[in-house]
Amino acid sequence: MSTMQETEKSPEAVVVEIPKLSIVVEFTGGLEMLFSDQRRHSLSIPVTNKEGKPFTIADLIEHLCNHTMKDTRKELFVLDDHLRPGILVLINDADWELEGEEAYEIQAGDNILFVSTLHGG
């Protein structure tokens, strides 16, 4: 009679490191109140979006709403899934209109500034 010995291999946890970009995002003109009254945020964001394409300003806006914004009044920052009119965006001190607006592909070290021009009076 032979004895068979079963050996079970325990499944090893596979850790997949998602490449990240380090950027700085700043808010002024009252927008900081939507982001825990913090003007400057150092963020680590994915290199690519859900579709595997380079992370853009549009992806950043969604990321900010879902992960950084603590205030429930998202409509003060976005309208119909786009940045609300009246908010200026500077990418490395240049107007985002010169950089492709929401299509701009974020690079490591970028500084992105959101400035609200909407004020009560």
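Which side chains meet in a salt bridge with an N to O distance of 2.9 Å, one of them being that of arginine 73? In this predicted model, the partner of arginine 73 is aspartate 71, and the two side chains meet at 2.9 Å, N to O. Aspartate 71 counts as buried because its relative accessibility is 17%, under the 20% that sets the limit for burial, whereas arginine 73 is partly exposed, with a relative accessible area of 35%.

The structure holds 2 salt bridges. Besides the pair of aspartate 71 and arginine 73, a salt bridge is formed by lysine 50 with glutamate 62, where the closest N and O atoms are 2.9 Å apart. Lysine 50 counts as exposed at 71% relative accessibility, and glutamate 62 counts as partly exposed at 36%.

Taken as a whole, the protein chain contains 1 helix and 7 strands, arranged along the sequence in the pattern β-β-α-β-β-β-β-β. Of its 121 residues, 36% count as buried. The chain exposes about 8,400 Å², of which carbon and sulfur atoms supply 51%. Among the contacts with a separation of 6 or more, 59% are accounted for by residues 24 or more positions apart.

Not counting residues up to four places away in sequence, the contacts of serine 116 are Thr28, Gly29, Leu31, Gly86 and Ile87.

The buried residues of helix H1 are Ile57, Asp59, Leu60, Ile61, His63, Leu64, Cys65 and Thr68. The elements that cover these residues include E1, E2, strand E3 (78-79), strand E4 (82-83), E5 and E7. Histidine 63, whose place is in helix H1, counts as buried because its relative accessibility is 17%; with residues up to four places away in sequence left out of account, histidine 63 touches Ile45, Phe55 and Thr68.

Aromatic side chains were examined next. The count comes to 5 aromatic pairs. In one of them, the rings of phenylalanine 27 and phenylalanine 77 have centres 6.1 Å apart and planes at 70 degrees, and the pair is therefore edge-to-face. Phenylalanine 27 lies in strand E1 and phenylalanine 77 in the loop between H1 and E3, so that this pair ties together parts that are 50 residues apart in sequence. Both phenylalanine 27 and phenylalanine 77 are buried. Phenylalanine 27 also forms an aromatic pair with phenylalanine 114, and this pair is stacked, at 5.5 Å centre to centre and with 15 degrees between the planes. Because phenylalanine 27 lies in strand E1 and phenylalanine 114 in strand E7, the pair ties together parts that are 87 residues apart in sequence. The relative accessible area of phenylalanine 27 is 0%, and this residue is therefore buried; phenylalanine 114 is buried as well, with a relative accessible area of 0%. Ring pairs link Phe27, Phe35, Phe77 and Phe114 into a cluster.

Key
Residues numbered from 1 in each chain as written. Predicted model: local features only at pLDDT ≥ 70, side-chain atom pairs only at ≥ 80, totals over all residues. Heavy atoms only, no water. Contact = heavy atoms within 4.5 Å. Salt bridge = Lys/Arg side-chain N within 4 Å of Asp/Glu carboxyl O. Buried < 20%, exposed > 50% of the residue type's maximum accessible area, 1.4 Å probe, protein only. Helix = DSSP H or I, 4+ residues; strand = E, 2+ residues; numbered from the N terminus. Areas by Shrake-Rupley, 256 points an atom, 1.4 Å probe, with all protein chains shown as cover. Phe/Tyr/Trp six-rings, centres within 6.5 Å; stacked < 30°, edge-to-face > 60°.
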